[in-house]
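Hi everyone, thanks for coming.

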Amino acid sequence: MVEVKPLNAIVYNQEKVDMNNIIAPPYDVILDDYREELYKRSPYNIVKLILAKGSKDLSDENNRYNEAQKNFHKWLEEKVLIKLENPCILYIVQKYTTQNGRKIERKGFIARNKIEDFSTKKILPHEFTMGGPKEDRLNLTKKCEANFSQIFMVYSDNEKQIENSIDFSQTPFIDVTDDQGVQNLVYKIEDEKTLSLIEKVMEDKTLLIADGHHRYETAMNYSKINTNNEAQYVMSYFTNLDDENLLVFPTHRIITKWVEPYVLLEKVKKYFDVKDFIFNGENKQEVKAKFLQAIEEENTKQISMGLYMKNVNKFYLLTLRENVDRILDEFEVPDVLKKLDLTVLHKILITKELGYSQEEQMAQDGIKYIKQESEAFDLIDIGKAEASFIMAYPKIKDIKEISEAGYRMPQKSTYFYPKLLSGIVINPLA
């Protein structure tokens, strides 16, 4: 049984702040320049809690965790942050338009869920994590005794019982648009009938962590240190994977260590059929659009991906020619992982042919994992990378099958967009 409960929510006092000035994306996508911009936007921007300035050195009195704690307590005293009177669940509708013009309304809700060990199979991870970010988040949690951001969870309910129970005629509690142009409409759910329905629907669900693996494992570690009841729960966002508005984007692989283009191409041709998409200065964008469409179409039939290399006026569509079982046998890959394009790319091309060690891949040494499709092309064009492997959109059913089988996908496999905003709500753990 999955235990989902309302929040004892702390929120920004909208009589004192403009929500548009205090929100921020999750800490792990905030680069230094953007943090400076958020710092200047408002003295109360949530970045001063989730990614405060200062070192990570706990022996340094001015470390970032002490700074976040000082800001958090000060804002509570000033009533910039206030605790809501009644337990609630916040329901969010995120509205945006994709690059190809499709209008999306992704729906989900923020609540608390009981922390479960992965061995119970009630909550399933799908990616591997790294130690550094978990240590950083644990230090912040210990200092501030609060969740400032949500874990992103998905569950399955083809009847859409929760979505159908929400009264969207009410005035949103929060209406804020982020820097990517995504409108976030937040509805406060306090009535016992709807709260009980949400708790009941979620009881028999298996939850899959879509994003926030480091934060979830941090919550697991914190719950063992702090044994009070509140610390046994973590704030999460829950969305229905049976909703067609849930889109998963790929994370592309960028080779930054020098490699001769045609040497790489010969290595690729050992395993893949290759189709050229030749372009010139005038028709590049048109050819690129056809190339990207071809990757998606081919990948529905056979493992396929794209390749773009420095100083080569071609895009290459790569379609796996070899029997996937045969080429992956030497790596002892479980059957459920053999269907992934990233498994083939990492095991065969990146590890076997290019010689990258597992440690180099985890540390992104000579290889980068890029979420933005445009950046994967731009890094080649400006000469900052040697080759970009352009991946197809991941399939939710594959992610679910792999997790249910007890396995995890390669590091940085998926990108769930839009990101969840920090600043909508805080979950106290004290």
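This is a predicted model: local features need pLDDT of at least 70, side-chain atom pairs count only at pLDDT 80 or more; totals for chains, interfaces and linings use all residues.

E332 is exposed, with a relative accessible area of 72%; by exposed I mean over 50%, by buried under 20%, and by partly exposed anything in between, with a 1.4 Å probe and protein chains only. This residue sits in the loop between helix 11 (324-328) and helix 12 (341-353). Helices (H or I, at least four residues) and strands (E, at least two) are DSSP runs, numbered from the N terminus.

Residues are numbered from 1 along each chain as its sequence is written, and side-chain values use heavy atoms, with hydrogens and water left out.

Back to the backbone. Most residues other than glycine have a negative phi, and most peptide bonds are trans. K121 is another non-glycine with a positive phi, about 65°. You'll find K121 in the loop between strand 5 (103-114) and strand 6, and at 47% relative accessibility it counts as partly exposed. And then there is a cis peptide bond, from Y417 to P418, with omega near 0°. P418 belongs to the loop between strand 20 and strand 21 (427-428).

Now, strand 11. How many of its 5 residues are buried? The count is 5 of the 5, so strand 11 is largely enclosed by the rest of the structure. Strand 11 pairs with strand 6 (residues 123-124) in the parallel sense over 2 bridges, and a pair here needs at least two bridges found by DSSP. L124 has L208 of strand 11 as its bridge partner.

Helix 14 is next. Its A376, F377, L379 and I380 are buried. They cover an arc of only 160° around the axis, which puts them on the same side of helix 14; that arc is taken from the directions from the helix axis to the C-beta atoms. An α-helix has 3.6 residues a turn, so residues three or four places apart point the same way. What do the buried residues of helix 14 pack against? Their partners include helix 10, strand 14 (252-255), strand 16 (304-309) and strand 17 (314-320), with contact meaning heavy atoms within 4.5 Å. Just after helix 14, G383 takes a positive phi of about 80°.

On to the empty spaces. Rolling a probe the size of a water molecule over the atoms shows where empty space is left. On a 1 Å grid over the protein atoms alone, a cavity is a set of points where a 1.4 Å probe fits but cannot get out, and a pocket is an open set with protein on both sides within 12 Å along at least five of seven lines; lining residues have an atom within 4 Å of a point. Grid points are joined across faces, edges and corners, and a volume is the space filled by probe spheres set on the points.

The largest pocket has a volume of about 1500 Å³. Its lining counts 50 residues, and D28, V29, I30, L31 and K371 lie nearest the centre. Strand 11 turns up again here, as one of the elements that supply at least two residues of this lining.

The second largest pocket holds about 1000 Å³. It has 35 lining residues, with T98, Q99, F249, E373 and Y393 closest to its centre. Which element gives the most to this lining? That is helix 10, with 5 residues.

Finally, the structure holds 3 cavities of 30 Å³ or more. The largest cavity has a volume of about 220 Å³, and helix 8 gives the most to its lining, with 4 residues. The second largest cavity comes to about 70 Å³.

Thanks, and I'm happy to take questions!
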